[in-house]
Amino acid sequence: MGWGFVGPFVAVFAFVFLAPIAYAIWLSLFRTRLIGGTGFVGLDNYGQAFVDPQFWESAGRVSLFLVVQVPIMLFLALLVALAIDSGRLYGKAFFRVAVFMPYAVPAVVATLMWGFMYGSRFGLVGNINDVFGLSLPDPLSPDLLLASIGNIVTWEFVGYNMLIFYSALQVVPQSLYEAAEIDGADQWGVIRWIKLPAIRGVLLIATIFSIIGSFQLFNEPNILQSLAPNVITTHYTPNMYAYSLSFSGQQYDYSATVAIVMGIITVVVAYAVQLRGTRKGH
Amino acid sequence: MLGAKRPRRSPLLTVLTGIVLIYSLVPLGWLFINATKSQAGLFDSFGLWFTGDFSLFENIGATLAYDDGVFVRWLLNTLLYVVLGAGGATVLATLGGYGLAKFDFPGKRAVFATVIGAVAVPGTALAVPTFLMFSKLGLTNTPWAVIIPSLISPFGLYLMCTYATQAIPNGLMEAARMDGAGELRTFLRVCVPLLAPGIVTVALFTMVATWNNYFLPLIMLKDPDWYPLTLGLNAWNDQAATAGGQAIFHLVITGSLLTILPLLAAFLFLQRYWQSGLATGGVKD
């Protein structure tokens, strides 16, 4: 009987998840040459990816993005969740909804908006420079662009993560707080010894989702490309690389290989973080 | 919250948290303010304040009318993708989550393991192979290429499964069966009402995912007539960068505002449901 309910999901899942994975693996074993057509090449494509400087440059860039942006975003989200949960804010319902709002904004609109604000033509940066006679650094310059993208992604997802943390804090059993009160724990003690341990599972899930998100970075740099064409190359992130290999280069086999290698890296990193996170819990 | 005492409100904490609040709201304020400016006003006024002439309604009219009303077409496309894609995803996740939570059947553990494992596979890594597969099947450049992949939400399935486990007492299902109700009837009449907050939560989150989708339609669709709003807005923005293209930044900004309003409204009006759905459902470990 259970299959009657689960069957439809599993059928579509097989078609849009499992079949493409299998197809990508199949494709990655072939190569199309100008002369001789498409032939089986075994693991040659993987060998090529392994020594491809463009691929590793893009993978390095999203790794840097990951280790800087994800901790900042999750830390901010946690602070706001704890502040709202503490019950010490004026207008806490407004805080909860307003900080969450950017999550409902499409990445395209978020990037266009921030892109306009970053701009020197009619952007805020240009305005502030004019009004105060400053010369703030250009957020779209090569040195700052990755940080500017990090700011957009943080803006989009800080509220979402805050809400996930806050929801988890809401279901912490009241009895734990009462026990802490009897023990004379202060605010920080309650946070350190009760709240954080209670939501560590959710913190871990949010971290893993953020890692997956960082490795997939595509929308924001792709949309900013028209504002900073010289900085954002076609291999700025692994996903942009796979995309341009397919759609400008017609190298479908190699593009599939890049996608698979990046998928494997993601799974390995996510799994390592999960192992570490669960081991610390004991 | 400690014990039965109401904690004292703290102005200092409110101000500090207010920094994040301002950070979250300033870009939205910027968008609204600048949607009230004409194209010329955009360039010669301060970004965070209004200009003398209030052109919001002119801008909305121009956005809807530009290029024979293509914006309206994109809006209708987006609605189509949301209703069929997110609607279908919600139905599949609800059925599947309920089935996994309330029945024992061979292969159940394998389904769980595969779906959870699939969450770790970057969705966009699947996009290129999915495109190639769909193009072999002749589905690219049709609405189906956007709708079918949107039908699967592993997060939605997970959330429904946890929600159903907690929200539906087994005794209630037994009672309905004793009264001679079939499985489908038990599900529809007894269980769906209990699952309502979870269903609203999944519906909202799949709706956001479909409404905001960019990468999938970008690779699947060539014909601007099938674009969703996200692709259309980006095309308008890029238009200024192409040789001989007309710069229409005021329309990009007003169009962006029109694009986000329906989702913001949905989240505001359905708050009660999705907040309780999240609290009871997927986020507990």
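Biologist: What should I know about the model before I start?

Modeller: The model is predicted: local features need pLDDT of at least 70, side-chain atom pairs count only at pLDDT 80 or more, and totals for chains, interfaces and linings use all residues. Residues are numbered from 1 along each chain as its sequence is written, chains are lettered from A and ligands numbered from 1 in the order in which they are written, and side-chain values use heavy atoms, with hydrogens and water left out.

Biologist: How many helices and strands are there in chain A?

Modeller: Helices (H or I, at least four residues) and strands (E, at least two) are DSSP runs, numbered from the N terminus. Chain A has 13 helices and two strands. Its C-alpha atoms fill a box of roughly 80 × 70 × 35 Å along the principal axes.

Biologist: What share of chain A is buried?

Modeller: Buried means under 20% relative accessible area, exposed means over 50%, and partly exposed is in between (1.4 Å probe, protein chains only). Of the 282 residues in chain A, 56% are buried.

Biologist: And what do the contacts in chain A show?

Modeller: Contact means heavy atoms within 4.5 Å. Take the contacts in chain A with a separation of 6 or more: 66% of them join residues 24 or more positions apart.

Biologist: How do I read the interface, and how much area do chain A and chain B bury?

Modeller: The size of an interface is often given as the accessible area lost when the parts come together. Buried area is that loss (1.4 Å probe), summed over both parts. Here chain A and chain B bury about 9,100 Å² between them, with 77% of it on carbon and sulfur atoms. In residues, 92 of chain A are in contact with 101 of chain B.

Biologist: How many salt bridges and polar contacts cross it?

Modeller: A salt bridge is a side-chain nitrogen of Lys or Arg within 4 Å of a carboxyl oxygen of Asp or Glu. The rule finds zero between chain A and chain B. A polar contact is a pair of N or O atoms within 3.5 Å; within protein, one must be able to donate a hydrogen and the other to accept it, and residues adjacent in sequence count only if both atoms are side-chain atoms. Nine residue pairs are in polar contact between the chains, both residues at pLDDT 80 or more. Helix 1 (residues 2-27) gives the most to chain A's side, with 19 residues. By class, that side has 66 nonpolar, 19 polar and seven charged residues. Nonpolar here covers Ala, Val, Leu, Ile, Met, Phe, Trp, Tyr, Cys and Pro; charged covers Asp, Glu, Lys and Arg; the others, Gly among them, count as polar.

Biologist: Which residues touch the most other members of the largest nonpolar core?

Modeller: A nonpolar core is a set of buried Ala, Val, Leu, Ile, Met, Phe, Trp, Tyr and Cys residues joined through side-chain atoms within 4.5 Å. The largest has 171 residues, and A:Leu145, B:Tyr98, B:Leu195 and B:Trp236 touch the most other members. Leaving aside neighbours within four places in sequence, B:Leu195 is in contact with residues including B:Tyr98, B:Met160 and B:Phe187. A second, separate core of five residues includes A:Tyr177 and A:Ile194.

Biologist: Why is helix 6 of chain B called largely enclosed?

Modeller: Seven of the eight residues of helix 6 (residues 143-150) are buried, so it is largely enclosed by the rest of the structure. B:Val146 and B:Ile147 are among them. The buried residues pack against helix 1 of chain A, and against helix 3 (56-102), helix 5 (127-136), helix 9 (183-211) and helix 10 (215-220) of chain B.

Biologist: How many residues of helix 12 in chain A are buried?

Modeller: Nine of its 10. A:Ser244 lies in this helix (residues 238-247) and is buried, at 13% relative accessible area. Beyond four places in sequence, A:Ser244 touches A:Thr234 and A:Gly249.

Biologist: Which residues does B:Gly99 touch?

Modeller: B:Gly99 sits in helix 3 of chain B and is buried, at 0% relative accessible area. Not counting residues up to four places away in sequence, B:Gly99 touches A:Gly2, A:Phe5, A:Val6 and B:Phe105.

Biologist: Which non-glycine residues have a positive phi?

Modeller: B:Asp67, at about 55°, is one of them. B:Asp67 lies in helix 3 of chain B and is exposed, at 52%. B:Asn141 has a positive phi of about 65°. B:Asn141 is in the loop between helix 5 and helix 6 of chain B and is partly exposed, at 30%.

Key. Buried area is the accessible area (1.4 Å probe) that two parts lose on being put together, summed over both.
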